[in-house]
Number of protein chains: 2
Amino acid sequence: MKGRLTARQNEAYEFIRAYQRRHRKPPTLQEIGEALGIRSTNGVFKLLQALEKKGYLRRDPGAARGLHLLDTEDPFALTDEIPSLPVVSRTASHEPERLRTRPVAFLSVDPFFLPRGLDPDTCLIGRAGDDGMSGEGIFKGDLLLIEETPWRTLNNRELVACLVGELLLARRFVFANNRIHLQPANRTYLEEVFPPDDPGCYIIGRIRAIFRRLP
Amino acid sequence: MKGRLTARQNEAYEFIRAYQRRHRKPPTLQEIGEALGIRSTNGVFKLLQALEKKGYLRRDPGAARGLHLLDTEDPFALTDEIPSLPVVSRTASHEPERLRTRPVAFLSVDPFFLPRGLDPDTCLIGRAGDDGMSGEGIFKGDLLLIEETPWRTLNNRELVACLVGELLLARRFVFANNRIHLQPANRTYLEEVFPPDDPGCYIIGRIRAIFRRLP
DNA sequence: TAAGAAAGTGAAAATATTTTTACCATGTCA
DNA sequence: TGACATGGTAAAAATATTTTCACTTTCTTA
């Protein structure tokens with residue numbers, strides 16, 4: 001990167017950047033042209049050549065959408081796909097086997113919320129069914145990003161999502177004296193204790209993130 | 001939709017569905033083929049024809065990626081783009097004019113969090129700078145989806161994000177007696193009161209959503 | 001002020017990518 | 001057996017995208 005950019009070149013550069021953010025892939029010459037009001041793809045072509053010569057851009061000659069911005073060191077890789085996670089339906093949610101069947105929706109989740117390459121296929125979204133964890137800032141209706149995992153792999157005091165009595169709940173998980181303790185963070189709720197493998201209590205996995213839409 | 005699908009047809013159907021979720025557009029025949037282990041695009045082509053005949057699929061003949069699943073009535077339109085919103089940097093954040101310059105990152109946000117076609121270009125992401133709204137489940141470090149809007153357009157008791165003393169804060173907004181009141185939801189914090197247009201207090205806009213990544 | 005760079009227009013040519021067609025083979029199943 | 005599903009090869013057709021060519025306009029600047 002060396003040469004200074006002209007105003008127009010900068011516009012093109014910024015457009016490519018913005019386009020990539022939104023579409024997670026580079027634009028075509030036509031799309032750039034439309035955005036900048038350039039009717040001829042050749043006009044765009046020359047802009048790109050200039051950007052390339054000045055070292056802001058690399059092109060794969062001939063390839064469709066073969067543009068690569070060079071300086072960009074965005075904290076999040078732009079090429080990552082955005083995982084789309086199933087939102088478990090309320091009605092199906094009290095049967096562990098059916099957690100992933102008939103999701104009511106899908107939610108696109110930025111990879112930022114899946115730390116260290118956590119596999120999106122092991123994750124799902126559930127809604128908190130009560131205010132039992134309001135002390136931890138989780139309210140009824142909040143969307144929980146859940147990493148499905150067997151309860152044996154959990155550490156004590158992790159936040160977990162579980163199915164108890166037809167409800168999907170957030171709770172603090174503690175395993176002690178061969179009992180699973182589900183601790184609320186709200187004085188009006190009671191701790192619940194289950195023997196392992198009690199059919200009335202199914203631990204889905206650990207909560208990795210919380211999303212709340214305000215009214 | 002009528003005919004029953006064969007196992008293979010179902011695989012193709014499900015793949016298209018999954019692909020659409022992730023890429024927000026239909027796959028090409030080749031991509032389907034790769035996924036199902038079919039070397040010839042023609043093999044795929046026939047699968048698609050079968051799906052179309054059975055009424056599971058509509059095709060735009062000749063068009064690239066011209067596939068449309070028919071039963072899919074997902075609550076969220078799959079064709080929506082996923083907006084990518086700037087995350088304001090902490091250092092630049094105490095100068096209102098620089099809110100959008102030098103974002104530290106971008107976060108892809110599902111349109112679900114932008115109700116009623118709220119323009120993504122008016123939104124940005126900030127981090128809560130203190131625990132002043134812990135009573136409302138907003139903690140220091142939480143990501144706030146902020147709809148930028150002049151404070152005059154706000155209703156009383158809305159949750160807002162504001163810049164006060166080098167910090168980006170979440171507060172409850174009340175305008176009364178020609179004063180802006182910023183009310184915390186945490187007994188250890190105090191209500192702050194400013195005259196309108198006090199340079200020490202800038203209201204960025206209303207908070208539309210909250211995202212929290214757990215450790 | 002003449003030369004050169006930047007920015008364009010419009011059309012045509014060249015490539016890439018994707019879909020369609022034609023034809024062949026195998027297996028299943030009523 | 002005959003209809004249908006599955007899959008393969010190869011090539012043709014259609015579409016999408018990039019590249020080149022010829023020529024214009026508008027600045028900048030030595």
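Author: Contact here means heavy atoms within 4.5 Å. This is a predicted model, where local features need pLDDT of at least 70, side-chain atom pairs count only at pLDDT 80 or more, and totals for chains, interfaces and linings use all residues. Residues are numbered from 1 along each chain as written, chains are lettered from A and ligands numbered from 1 in the order written, and side-chain values use heavy atoms, leaving out hydrogens and water.

Reader: Okay, which residues of chain A is Phe211(B) in contact with?

Author: Skip the neighbours within four places in sequence. Phe211(B) then touches residues of chain B, including Leu107(B), Val109(B) and Leu145(B). From chain A, its partners are Phe113(A), Ile210(A) and Phe211(A).

Reader: How many residues does the largest nonpolar core have?

Author: A nonpolar core is a set of buried Ala, Val, Leu, Ile, Met, Phe, Trp, Tyr and Cys residues joined through side-chain atoms within 4.5 Å. Buried means under 20% relative accessible area, with exposed over 50% and partly exposed in between (1.4 Å probe, protein chains only). Phe113, Leu145 and Phe211 of chains A and B have the most contacts inside the largest core, which has 30 residues.

Reader: Is Leu48(A) buried or exposed?

Author: Leu48(A) sits in helix α3 of chain A; helices are DSSP runs (H or I, at least four residues), strands are E runs of at least two, and both are numbered from the N terminus. Beyond four places in sequence, Leu48(A) touches Ile16(A), Leu29(A), Ile32(A), Leu57(A), Arg59(A) and Leu67(A). Its relative accessibility is 2%, so Leu48(A) counts as buried.

Reader: How are α1(A) and α3(A) oriented to each other?

Author: Helix α1 (residues 7-23) and helix α3 (residues 41-53) of chain A pack with their axes 10 Å apart, at about 90°. Axes are lines fitted to C-alpha atoms, for helices over the stretch in contact, and angles run from 0 to 180 degrees between N-to-C directions. Under 35 degrees is roughly parallel, over 145 roughly antiparallel, 65 to 115 roughly perpendicular, and the rest oblique. So α1(A) and α3(A) are roughly perpendicular.

Reader: And how far apart are the end C-alpha atoms of α1(A)?

Author: The expected span is 1.5 Å times one less than the number of residues. With 17 residues, α1(A) should span 24 Å, and that agrees with its end C-alpha atoms, which are apart by 24 Å.

Reader: Which residue just after α1(A) takes a positive phi?

Author: Look just past the end of α1(A). The phi there is about 60°, and the residue is Arg24(A).
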